[in-house]
Each structure stands twice: as C-alpha cells, then as structure tokens.
Amino acid sequence: MAGIRDRDGAMTGDIRDRDISRLGGRVESSFFTIAGLGVIALCAVGADVFWIANTMFLGFAVAAFTGGIARVIAYRRGLV
C-alpha cells in the first residue's frame with residue numbers, strides 16, 4: 001500500500017468520526033425511546049402481542065435507519 005507507513009493507524013478514526021458516531025447514537029436513542037413508549041402504550045391498552053412485537057421491531061428498524069441517515073448527513077454536511 002503506497003503512502004501508508006503505519007498500518008495500525010490507517011484504520012483509526014479521528015475526533016470527527018467519534019462525534020458523528022455519537023450524534024447517530026443520540027438520534028437512534030431518541031427513536032428507541034419513542035418506540036418504547038409506543039410499546040408501553042400498547043401494553044397499557046391490552047393490545048394483542050402481535051401488534052406489540054411488530055411495533056417494537058418497527059421501532060428498532062426505524063431507529064437504525066434514521067441513525068444511519070443522520071451519520072451520512074453529518075459526514076456530508078459536517079457537524080454544526
């Protein structure tokens with residue numbers, strides 16, 4: 001590999017990578033919280049287990065998707 005003198009240092013991230021990862025984690029956490037509240041509300045009204053499980057799964061999927069999108073936007077536009 002031309003130009004790389006330290007192979008271990010080639011894959012390490014900098015402060016910007018850590019901050020962007022932290023931002024994506026905060027976005028994911030907020031959607032996990034919203035999904036958790038939705039699941040608690042469904043349990044409170046006595047909804048069927050099918051709807052509770054699907055709400056939980058959808059919440060995890062939306063959280064992961066939005067966290068990834070937030071990271072991409074942060075890389076493209078930079079942290080404000």
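A residue counts as buried under 20% relative accessible area, as exposed over 50%, and as partly exposed in between. The exercises below use this predicted model.

**Exercise 1.** Decide for Phe50 and Trp51 whether each is buried, partly exposed or exposed.

*Solution.* Step 1: Phe50 has a relative accessibility of 48%, so Phe50 counts as partly exposed. Step 2: Trp51 has a relative accessibility of 52%, so Trp51 counts as exposed. Step 3: for the whole protein chain of 80 residues, 15% count as buried.

**Exercise 2.** Find the aromatic pairs in the structure and classify their geometry.

*Solution.* Step 1: a search of the whole structure gives two aromatic pairs. Step 4: Phe32 is partly exposed, at a relative accessible area of 36%, and Phe60 is partly exposed at 45%. Step 5: the rings of Phe50 and Trp51 have centres 4.9 Å apart and planes at 80°, so this pair is also edge-to-face.

**Exercise 3.** Describe how helices H1 and H2 are arranged.

*Solution.* Step 1: the protein chain contains two helices and zero strands. H1 covers residues 15-45 and H2 covers residues 49-77. Step 2: the two helices pack at an angle of about 160°, and their axes are 8 Å apart. Step 3: angles over 145 degrees count as roughly antiparallel, and H1 and H2 are therefore roughly antiparallel to each other. Step 4: their crossing is right-handed. Step 5: the residues of the contact of H1 with H2 comprise 19 nonpolar, nine polar and four charged ones.

**Exercise 4.** Work out the surroundings of Ala74.

*Solution.* Step 1: Ala74 lies in helix H2. Step 2: the relative accessibility of Ala74 is 5%, so Ala74 counts as buried. Step 3: leaving aside residues up to four places away in sequence, Ala74 touches Arg16, Ile20, Leu23 and Leu79. Step 4: Ala74 and Asp19 are 55 residues apart along the chain, while their C-alpha atoms are separated by 9.4 Å. Step 5: across the protein chain, among contacts between residues at least 6 apart in sequence, 75% join residues at least 24 apart.

Methods. Residues numbered from 1 in each chain as written. Predicted model: local features only at pLDDT ≥ 70, side-chain atom pairs only at ≥ 80, totals over all residues. Heavy atoms only, no water. Axes fitted to C-alpha atoms, helices over the stretch in contact; angles between N-to-C directions. Helix = DSSP H or I, 4+ residues; strand = E, 2+ residues; numbered from the N terminus. Parallel < 35°, antiparallel > 145°, perpendicular 65-115°, else oblique. Left-handed = near helix turned anticlockwise from the far one by under 90°. Nonpolar A, V, L, I, M, F, W, Y, C, P; charged D, E, K, R; others polar. Phe/Tyr/Trp six-rings, centres within 6.5 Å; stacked < 30°, edge-to-face > 60°. Buried < 20%, exposed > 50% of the residue type's maximum accessible area, 1.4 Å probe, protein only. Contact = heavy atoms within 4.5 Å.
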